[in-house]
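Q: Could you take a close look at one part of this model for me? I would like the cut-offs spelled out as you go, please.

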Amino acid sequence: MYDDGICYLGDGKYSLTFSVQDTNYCNVTEDLQVGIVERYCKFFMALDESVQVQIHIQSKPLSRSTIALKMTVPDTATDDQKQCLSDYNNMIDERLTGADAYIQEKYVTFTIKEPDYIQARRHFDRINLDILSILRSIGCQTAQLEKIQLLYLLRECYRPDDLSEISWLEMARTGIYDKDLIAPYGIDTAVQGENYIKLGDYYTQTLFFSDFAREMSDTIIQQIMGLDEDILITINVQPQDPFYAAEQLKRRLRMLDIEKGNSISRQSKAGILIPEPPRELQATLQAAEKILKSLQARDEKLVLVNILVFVRGKTIEDVDAIAKSVRDRVAMSCAVRPFRFDHENGMNSALPLGRNDTFVSRTFTTTAAAAFVPFNVVEIVEKNGFSYGRNMRSNNIISLNRKNYENAHGFYFGTSGSGKSMGAKAEIWECYWRTKDDILIIDPDGEFLPLVELLGGEVIDVSNTSTMRFNPFDFNEFYGAEEENPLAVKSDFIISLLEVMLNMRDGMDPVTKSIVDKCVREIYQPYMAKPRDENIPTFEDFYHKLLQQEDVPEAKILAVSLEIYVHGSLNLFNGRTNIDTSNRILCFRTKNLGKQLRTMAMAIIQDFCWNRISKNQELKKTTWLWNDEIHHSLRHPTTAEWLYGIWKRGRKYGLIATGITQEVRDVCASQEYKTLIANSEFIMLYRQKPDMIDDLEQVVPLSGQQIEFLLQCDSGTGLYKAKNAVVEFSNTFKKGTKLYEILSTTVGRDR
């Protein structure tokens, strides 16, 4: 085995294995399914007779997964935090060890014949570029398994209970390499008349498919994949030379014609008035003619196929029970039998080694072979990801890392009581414990306060009666991020803020804009000379600077208009910021704010968030922003424009923004707002109302089955969209726990 994962099998043969992400097949429309099968056919047709391919579907318990879901309980945690972490870890334990706690992983192994390793590597590069690109075109992303990764995969087959680390450092330290790292602790091939192989503590058996029905269903592989068992399914495919295959078929047809003539002749001699060939012979003739026509007219190929299932258990009874389950699942489509006295070759042909040493095979056209569709639904199980519950189709965990996405922004949509707020709070919980990132929450209704208080965050109560203050003139050396003149950006914000405050529907006139810009630049001169917090100006400073423009009547008018916000009853934002802005979590609550100040307050909150985002960009730190009831901000041009801007360019500032609202139409009200969706690769859809479906289909293409599901799904369940994948999820929390009490926001009924 070479470092890049290429294996030399002897006799000039080399193999290489790739991991393959699943694609949506079971839960898309029939038209899309046809498209997937057609491209899968092209995948087989792109192979020539020099390439053998294996498709592997490995099902294994979640407990053997390398994905770390449980959270460490720090010594510094409060009693309530420790209780909630304990509740969370207990929930993860249940998901990892439940009866259906299995995950599926898919791989494809290519075997080629070349004179040396260099030629083999070049050949594999061409396969990756030309052939695997067909799988990628249907959403199956691929990645080459290098040596360490392949050793982990093979060890899963030979000694599954070994979870020790495999690394270059460990190999150098111990002197144990390659085969010794994965070899079973013991092998016994003579178990009960050589019907089983015992690998260490496990009994194993390899099953093969035979006696296929003439018309194959595309669900045969899915039926076995639905078993929650520790199994490995392998589809071995060997393309045949087209010219040789056609000649063999013609020869076969000539023999069948002779057999047909002999049969009729025998019947005539026996006195049968209307001799006919046997039905089975007629069916065979028709099948052979159909295959030849496909090869000649439809440019298809013939392939030799065998399907193997490698099963194991701690006892022979366990193995027999799994084998019976496999047989029962496919009984209407084919027969399933175990290898007898050749089970070692059967096992080697099932494992991801690139070997096919069995005597069992069946000839198919590429179209017929494509009936063995290995695709099910997209699985997202990513390292360092947040837990988003379970895939309802496969029961797999969903572990998703939004930082891996080009456009990591997202949305939560769902009716009241559907669980969208609880889902968003669960994501904040994950973010707090799994990262060191900063968390900003815009929370108009105060739904997130219990969670923020549990995590020790700063709750900023923005209201007319609050003693908390934050200064709209706050500034730092990073404000404006990549802009050459950050003060110009601040001046532009102050102009926009004044337009909101004074209800200037048609905008500020040019003369007044110039006055504002002049005053802003002057009041920031002390700070620009000495960048210290005490030199940051306030609304009071701006107000007095306007009054000093005695020869400009527009300045006097503007100052008088602003007096209510400086010395009057709406002076909420006059003064220096007196909150702990260094806290990792900041939650802005505007529930008790009067309508007259609400839009103004939102504009100031947004600018305050931008201060933090731009500073974190310089510190190479990610900032997460959750905006609950985002439709409030989308109703006013100024606050909506800010959202539009950060959704479009926030990625380069290290921002991951998330909007939360009930109705999709809030974000589909204009073409400009639709770009928020276009720049979001993460969307959580909870229960929807019937009148929302038309708007929803502008956001996510849905099948009739998915629409029906969204109209009646339970609280805490729905569909998630990650990139182009749409999958049903369930992310519910155990009632009666401290964690559920913190995350739930519905009073008097379960949510």
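A strand and its partners

A: Leu440 stands opposite Leu586 in β18, so let's begin with that strand, since strands here are DSSP runs of E of at least two residues, numbered from the N terminus. Please keep in mind that this is a predicted model, where local features need pLDDT of at least 70 and side-chain atom pairs count only at pLDDT 80 or more, while totals for chains, interfaces and linings use all residues. Residues are numbered from 1 along each chain as its sequence is written, and side-chain values use heavy atoms, leaving out hydrogens and water.

Strand β18 covers residues 585–589. On one side, β16 (residues 438–443) runs parallel to β18 and is joined to it by 5 bridges; two strands pair if DSSP finds at least two bridges between them. Strand β17 (residues 458–461) is also parallel to β18, with 4 bridges. Leu586 has a residue opposite it in this strand too, namely Glu458.

How do the side chains of β18 point? In a regular strand, they alternate between the two faces of the sheet. Here Ile585, Cys587 and Arg589 point one way, and Leu586 and Phe588 the other. Both sets are buried, meaning under 20% relative accessible area with a 1.4 Å probe, protein chains only. That gives 5 of 5 residues of β18 buried.

Elsewhere, a search of the whole structure finds 4 cavities of 30 Å³ or more. A cavity is a set of points on a 1 Å grid over the protein atoms alone where a 1.4 Å probe fits but cannot get out, and lining residues have an atom within 4 Å of a point. Points are joined across faces, edges and corners, and a volume is the space filled by probe spheres set on them. The largest cavity has a volume of about 80 Å³. Strand β4 gives the most to its lining, with 3 residues. That lining holds 9 nonpolar residues, no polar ones and 1 charged; Ala, Val, Leu, Ile, Met, Phe, Trp, Tyr, Cys and Pro count as nonpolar, Asp, Glu, Lys and Arg as charged, and the others, Gly among them, as polar. The second largest cavity, at about 50 Å³, has a lining of 4 nonpolar, 2 polar and 3 charged residues. Among the residues lining the second largest cavity are Gln58, Glu156, Asp230 and Arg312.

Technical notes. On a 1 Å grid over the protein atoms alone, a cavity is a set of points where a 1.4 Å probe fits but cannot get out, and a pocket is an open set with protein on both sides within 12 Å along at least five of seven lines; lining residues have an atom within 4 Å of a point. Buried means under 20% relative accessible area, exposed over 50%, partly exposed in between (1.4 Å probe, protein chains only).
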